[in-house]
Amino acid sequence: MTSGTGDASSTANAPDAPDTPSGRPALTVLHLLLVWASMTVTVPALGFGIVMSGWGGGQGAALLTLAVGVPLTVGLLAIMGTPVRDVVPLCASTAGRFGWAALVFAAGSAGAAAGVLAYGEDVDLGGAGTRIALAGVPYAVAAAFFVPSRRVRVGAAAVLALGVVYGGYVGPAQAERRAHAAEIAEYREQSELLRLGSTPAGTTLSRAHLGPGSFSVAYHPARANDAGHVGLTVGRPPTPAPAPVCPEILGEGVTCDVDARGVLRMVHAFPDGGRAITLIRYDGPLELRVESQSLDERGLRRLLGSVRPMTDAELEDLMRERLIERSF
């Protein structure tokens, strides 16, 4: 009687078992490391084999490689589950280990596919070595969810959440910023051509285009029903000269002169009474040209005199509003 009471008392006062089953945290860590290491080696090799067989032998060869490689990979995972027969319930039997391996492979492959998609969207996943090391992480995370330990599963959930946040939000935002900075740098490679003038009254900047050796800006009426066009073009003169020169041969109805400031004025009068005005002046190695059939000469001279280098803020505004494009 006394012995029975003592046994009950001893059982009641025994310390709680560790969170990891059978008190084997080291074995659990080793198990997850083995899953990670084996998949880090196997999955990239399998993917490379599928690509190379498809490249050399077509779709049939790729499917054959997939059909052979997947069962072998699942079998390798089943072997990785053998040391934790007493830790992971599904791994207690041979059939259970193969079922566990298939589930881990399926879930891990889904995570790896998500990583490939994120990489395809220019999400930074580090260098080649880092990307190879990351290949096994989804499989280790999937295996961790089968360990009946609250701490292990919470850790796996934290890693999964971190991957989702980085791959779905932080990484794409960083990629977008890098792409934006690279695009700005490409525009700035020809920064001497990027010029803007004061927008003529009643108009709005509707389009800007940077080509291999020129930059053009188009202004259209602010009101949709109004007609008219004002153009600004920045380029390099065909021949070096201190000031533009009128062409030797002028078309019918065309007059040309160069004033004391070195501004060339060309007027093309049309039979219906309208006219097109073009003003050209040189600014160092650049030729600045403004032209319009709707804006008078005074407005064109004001636009030509206000041309200045484009600021970074103005360039970013044009890019954000999709008003500027390049073709080089």
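C91 is buried, at a relative accessible area of 0%, where buried denotes under 20% relative accessible area, exposed over 50% and partly exposed the range in between, for a 1.4 Å probe and protein chains only. The structure is a predicted model in which local features require pLDDT of at least 70 and side-chain atom pairs count only at pLDDT 80 or more, whereas totals for chains, interfaces and linings use all residues. Residues are numbered from 1 along each chain as its sequence is written, and side-chain values use heavy atoms, with hydrogens and water left out.

The secondary structure of the chain comprises eight helices and ten strands, these being DSSP runs numbered from the N terminus, with helices (H or I) of at least four residues and strands (E) of at least two. The radius of gyration is 36 Å, well over the 20 Å that the globule rule gives for 328 residues, so the chain is more spread out than a compact globule. This radius is taken over C-alpha atoms, and the globule rule is 2.2 Å times the number of residues to the power 0.38. The C-alpha trace spans about 125 × 55 × 40 Å along its principal axes. Of the 328 residues in the chain, 34% are buried. Among contacts (heavy atoms within 4.5 Å) with a separation of 6 or more, 51% link residues 24 or more positions apart.

The largest nonpolar core contains 32 residues, of which F215, V217, Y219, L315 and I324 touch the most other members. Such a core is a set of buried Ala, Val, Leu, Ile, Met, Phe, Trp, Tyr and Cys residues joined through side-chain atoms within 4.5 Å. Two or more residues are contributed to this core by each of α6 (150-188), β2, β3 (215-221), β4, β7 (275-283), β8 (286-292), α7 (297-305) and α8. A second, separate core of 26 residues includes A78, M80, W100 and A101. With residues up to four places away in sequence not counted, L315 touches I184, Y187, R188, L194, M310 and I324.

V234 belongs to strand β4 (residues 230-235) and is buried, its relative accessible area being 0%. The bridge partner of V234 in β8 is L288. Apart from neighbours within four places in sequence, V234 is in contact with L193, R195, G213, S214, F215, L286, E287 and L288. A separation of 6.2 Å is found between the C-alpha atoms of V234 and S216, which are 18 residues apart along the chain.

T203 lies in strand β2 (residues 203-210) and counts as buried because its relative accessibility is 18%. A polar atom of the T203 side chain is 2.7 Å from the backbone oxygen of P200. When neighbours within four places in sequence are set aside, T203 is in contact with Y219, H220, P221 and A222.

One disulfide is counted under the criterion of a pair of cysteine sulfur atoms within 2.5 Å. This bond joins C246 to C256, with an S to S distance of 2.0 Å. The link of C246 and C256 is left-handed, with -85 degrees about the S-S bond. C246 is situated in the loop between β4 and β5 (254-258) and C256 in strand β5, so the pair ties together parts that are ten residues apart in sequence. C246 is partly exposed, at a relative accessible area of 22%.

R322 occupies the loop between α8 (312-320) and β10 (324-326). Although R322 is not a glycine, this residue has a positive phi of about 55 degrees. R322 counts as exposed because its relative accessibility is 75%.

Note on methods:
Polar contact = N/O pair within 3.5 Å; in protein donor to acceptor, adjacent residues only side chain to side chain. Pairing = 2+ DSSP bridges.
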